[in-house]
Amino acid sequence: MRAARRWWDFDTALNTFAMWLLAFLWALPLLYAVWTAFHPAAYETRFDLTAPLTLDNFAKAWAAAPFARYFVNTVMLVTMILICQFVLCTLAAFAFARFRFPGRSILFTLVLLQLLVMPDILIVENYKTIRALGLVDTIVAIGLPYIASGFGIFLLRQTFMSIPRELDEAARVEGSSFLGLLWRVYIPLAKPTYLAYGLVSVSHHWNNFLWPLIITNSVETRPVTVGLSVFSAIDAGLEWSVINAATLMTSGPLLIAFLLFQRQFVQSFMRAGIR
Amino acid sequence: MRMLSVRNAVATSALLFGVATSAAAVDLEFYFPVAVGGKAADTIQALTDEYVAANSDVNIDAVYAGSYKDTVTKALTAARGGKPPQLSVILSVDMFTLIDEGIIMPFDELIKTDEDKAWLASFYPAFMENSQTGGKTYGIPFQRSTPVLYWNKEAFAEAGLDPEAPPANWQETIEMGKKLVKKDDSGNVSRWGVRIPSSGFPYWLFQGLTTQNDVTLANSDGNQTYFDDPKVVEALQYLVDLSQKHEVMAPGIIEWGATPKAFFEGQTAMMWTSTGNLTNVRANAPFDFGVGLLPANKRRGAPTGGGNFYIFEEASDEQKAAAFEFVKWITEPEQSAKWTIATGYVAPRADTWETDTMKAYTTDFPPALVARDQLEFAVAELSTYENQRVTAVFNDALAAAITGAKSAEEALAEAQKKADAILKDYR
Amino acid sequence: MMHRREWVYGWLFLSPALVFLFAFTHYPAVKTVISSFYSTPRGKREAKFIGLENYQTMLSDDVFWKVLGNNFWFAVGTIPISIGLALLMALWVNSHLRGRTLSRVAFFAPTVLPLIAVANIWMFFYTPGFGLIDQLRSGLFGLPAINLLGNPDSVLAAVIVVAIWKEAGFFMIFYLAALQSIPPVLREAADIEGASRGYYLRRVLLPLLMPTTLFVSVNAVINSFRLVDHIFVMTEGGPDNASSLLLYYIYETAFQYWQTGYAATLTVVMLVLLSILAIGQFFLFDRKVHYQ
């Protein structure tokens with residue numbers, strides 16, 4: 001018994017150590033970003049604890065590119081996508097979950113197909129479509145291909161289907177329309193799903209790069225990711241301290257929000273049944 | 001934010017100059033890219049504003065379109081959508097692409113007076129090579145650069161070399177390089193002799209070597225390449241030998257972006273990189289450094305790079321004339337001196353270097369003159385029809401040889417075959 | 001009567017989403033297949049029907065084959081390792097180990113950081129001579145500099161590591177949510193039965209986590225085609241296409257070489273591969289997960 005106990009302790013110690021090691025490795029790029037952003041460029045490659053602290057890199061990055069504008073563009077983009085996704089996906093998911101109509105299963109299969117064939121890989125044809133619509137280089141164009149999300153419809157449908165029909169009947173007796181029913185019964189009960197899906201959507205579109213790169217070409221529309229890539233791809237060589245200051249500046253708010261509310265996120269994922 | 005205030009400024013100045021002129025005023029849209037830090041955009045904006053303030057018959061909307069790649073994409077997209085700008089700065093090597101798309105016009109139609117002809121003749125011939133084809137001028141040099149040699153004087157002194165004398169030719173690069181290589185106790189190299197970056201677009205610096213070996217990579221019609229010429233093979237073999245045989249350069253692909261940092265860190269005693277890095281090196285090198293011409297072999301040589309002005313075919317005659325006047329003004333010595341000082345680009349005309357502004361600058365910072373001196377030996381940057389594809393094929397071949405996957409001869413022969421296949425439609 | 005009303009409402013509620021789904025997923029997917037049989041329009045030349053010419057070009061394009069091979073190894077390298085690490089991370093973070101909260105933060109951070117920006121940091125780690133890896137190699141072991149990104153033999157592995165780093169923490173969240181919804185009674189029962197931890201993991205946890213594993217692996221497969229942001233910054237597909245992936249090659253072909261016809265052909269290959277893999281996955285997991 002005692003031997004088993006000791007073995008267990010050793011096991012715990014080993015696991016703890018391994019977890020710490022992996023966590024350290026995973027945090028390393030972020031730690032490096034913080035290190036370089038707050039120290040002069042000469043310390044990009046030297047890790048000396050007595051190195052002087054400075055905020056110059058932030059000032060330089062701020063002056064060198066319109067990051068405030070990029071940030072506003074990204075916030076607008078992410079908000080627009082999220083609102084549209086919520087509206088479109090809710091309506092579609094409700095239809096799939098509660099109505100019987102011809103073509104339902106075929107249409108649902110077509111929706112699921114988007115889980116696989118994401119707009120990310122259809123860049124060539126989507127670019128042609130956007131050009132035909134005359135929307136090249138607009139924030140709307142960055143969002144359009146993503147606002148009807150197969151993943152969102154699928155998730156919300158799962159949630160809606162788990163809501164007991166009896167609640168429908170009760171609300172219906174009170175004279176609610178379908179929209180009223182959706183608004184008063186379904187949406188409130190699906191809150192964790194909205195939260196979980198919203199998080200996935202925001203982090204995905206905040207960091208999306210390829211499509212915005214293709215479809216934007218001016219300061220007024222460029223999101224943070226494309227702005228950062230233009231900023232770091234100048235002829236004069238890499239300046240890690242300034243690039244990392246810019247990265248922290250633009251990802252900071254999202255990073256902090258996600259880190260503070262992590263526990264809630266996991267719970268919402270759990271309740272939403274995404275697992 | 002800045003864009004908004006500029007738009008307002010333009011609008012305000014239009015108001016100030018009254019309704020009478022605005023009826024006749026020509027509106028121009030002008031795209032420009034920025035490939036070096038933030039100051040360049042402000043300078044172009046300031047110059048444009050100055051011009052508009054002095055010429056009430058024209059309104060210019062200067063649009064910062066991002067990187068070179070963004071700008072050409074934006075211009076092509078706008079042209080296909082039927083709304084191109086009237087004027088844009090785009091890479092000189094994109095000339096054939098723009099001609100192929102049928103969206104730019106030759107300047108020859110606009111050049112009428114002797115004065116205009118003299119103006120055209122005032123540009124360095126090295127820059128005009130990338131601006132003319134088939135006897136016509138399609139581009140006017142504006143933000144142009146060329147690679148130069150930077151060396152660490154302290155490292156030279158430490159290795160027992162004359163800190164004021166960089167290698168003058170290929171052989172000296174090897175000999176000096178061997179002395180400059182420093183190894184630590186465990187036999188690992190802590191300082192290399194020379195660093196010629198080869199990531200991303202290795203063809204550009206490699207073109208320095210081919211020019212020095214007295215061979216061109218493509219004809220001026222842009223439809224024939226000479227990648228498998230024995231002299232090109234020889235140049236590539238030299239580049240490969242620098243690391244493989246003579247061990248004066250680090251093996252494998254050398255990252256372009258990390259090169260200045262490697263120089264500052266003392267990881268290499270010499271580097272080849274663009275004149276666009278002058279300001280950066282001046283600000284960050286913790287030691288005394290020199291800037292010199294690239295070493296010679298059969299001759300001296302270097303490619304040019306950077307962007308030209310293009311006027312678009314779709315513009316009205318008044319717009320074309322107004323755009324032409326603006327291009328003439330902004331390339332005048334005083335204006336181009338301001339531009340060169342602000343950005344580090346090489347002033348494209350000899351008389352710019354004679355202005356007082358420029359003289360004061362070069363007295364203060366003599367290395368800026370090196371780029372000018374090298375122009376005498378410089379040639380057109382590799383440019384063909386389907387430019388991106390052809391250079392990609394060539395870049396791949398260079399990378400294959402540098403990493404030892406293929407021999408120089410084999411890699412270049414394959415590249416030539418692929419380039420022939422791409423260009424056959426244009427002959 | 002009620003039925004008719006449901007039809008109308010059903011279609012009414014669906015139509016906004018369907019319009020966008022068709023416009024930006026189904027229409028372009030079909031159009032891609034059609035475009036793959038046409039030449040690239042250029043200047044005043046219209047696109048014309050050229051049959052299988054693009055496909056013939058593709059079959060004889062050695063860059064295409066190289067990129068396809070790279071993508072295969074990229075998938076093989078990223079999918080199992082990132083899923084395995086995600087599970088391990090979730091198990092650790094869900095246990096009673098000391099420092100689990102901080103670890104969870106560390107594991108999750110890469111999900112929020114844009115890959116395009118972090119790729120610059122990874123470039124510093126990989127830089128020969130003064131990069132972090134080389135500083136450790138020479139400082140601790142006295143080893144010579146190593147050029148990970150500049151060598152065709154190591155560059156793909158180097159970009160795979162970055163992809164794993166980016167993905168694993170995201171997948172961990174899904175496993176964590178699943179683990180937290182497993183009733184603790186099961187563990188207690190296993191303890192009473194005297195089952196070993198390995199047995200509990202293999203016979204109880206893993207089967208219960210099967211739906212999550214399917215979901216995560218579908219995501220991982222898609223990511224193995226989609227995750228190319230870091231290629232733009234770190235290698236641009238080089239040296240000599242040794243780190244180029246299919247989507248990156250499609251981007252180059254369409255938006256740098258302006259060969260949209262050929263890019264469509266390459267996209268068709270990707271669509272076919274994704275379909276095969278998706279079908280394969282459902283069979284592999286033996287339809288243990290019921291989504292109906």
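Student: In chain C of this predicted model, what percentage of contacts between residues at least 6 apart in sequence join residues at least 24 apart?

Tutor: The model is predicted, and the contacts considered in chain C are those between residues at least 6 apart in sequence. Within that set, the share that joins residues at least 24 apart is 70%.

Student: How many helices and how many strands does chain C have?

Tutor: From the N terminus on, the elements of chain C read α-α-α-α-α-α-α-α-α-α-α-α-α. The count for chain C is accordingly given as 13 helices and zero strands.

Student: What percentage of the residues of chain C count as buried?

Tutor: The C-alpha trace of chain C spans about 80 × 75 × 30 Å along its principal axes. A residue is buried if 20 or more other C-beta atoms lie within 10 Å of its own. Of the 292 residues of chain C, the buried share is 49%.

Student: Which helix of chain B gives the largest share of the side that touches chain C?

Tutor: The contact takes 26 residues from chain B and 23 residues from chain C. On the side of chain B, the residues divide into ten nonpolar, nine polar and seven charged. The largest share of that side is five residues, and they come from residues 387–402 of chain B, helix α18.

Student: Which strands are the edge strands of the open sheet in chain B?

Tutor: In chain B, five strands form an open sheet with mixed pairing, in the order β8-β9-β10-β7-β11. An edge strand pairs on one side only. In chain B this applies to β8 (182–183) and β11 (289–292).

Student: Do β8(B) and β9(B) run parallel or antiparallel?

Tutor: β8(B) and β9(B) form a hairpin with five residues between them, and G187(B) in the turn has a positive phi of about 85°. One bridge partner of K182(B) lies in β9(B), namely R191(B). Two bridges join β8(B) to β9(B), and their direction is antiparallel.

Student: How many bridges join β9(B) to β10(B)?

Tutor: β9(B) covers residues 189–195 and β10(B) covers residues 268–274, and the two run parallel. The partner of W192(B) in β10(B) is T268(B). The number of bridges between β9(B) and β10(B) is three.

Student: Which helix of chain B packs on the sheet and touches β9 and β10?

Tutor: β9(B) is mostly covered, with five of its seven residues buried. The helix in contact with β9 and β10 of chain B has a direction that makes about 165° with that of β9(B). It comprises residues 170–180 of chain B and is α9.

Student: Which residues of α11(B) does α10(B) meet?

Tutor: The crossing of α10(B) and α11(B) is right-handed. By class, their contact has six nonpolar, one polar and no charged residues. From α10(B), the residues F206(B), L209(B) and T210(B) take part, and in α11(B) they meet V232(B), A235(B), Y238(B) and L239(B).

Definitions and conventions
Residues numbered from 1 in each chain as written. Chains lettered and ligands numbered in written order. Predicted model: local features only at pLDDT ≥ 70, side-chain atom pairs only at ≥ 80, totals over all residues. Left-handed = near helix turned anticlockwise from the far one by under 90°. Helix = DSSP H or I, 4+ residues; strand = E, 2+ residues; numbered from the N terminus. Contact = placed C-beta atoms within 7 Å. Nonpolar A, V, L, I, M, F, W, Y, C, P; charged D, E, K, R; others polar. Pairing = 2+ DSSP bridges. Axes fitted to C-alpha atoms, helices over the stretch in contact; angles between N-to-C directions. Buried ≥ 20, exposed ≤ 12 C-beta atoms within 10 Å, placed from the backbone.
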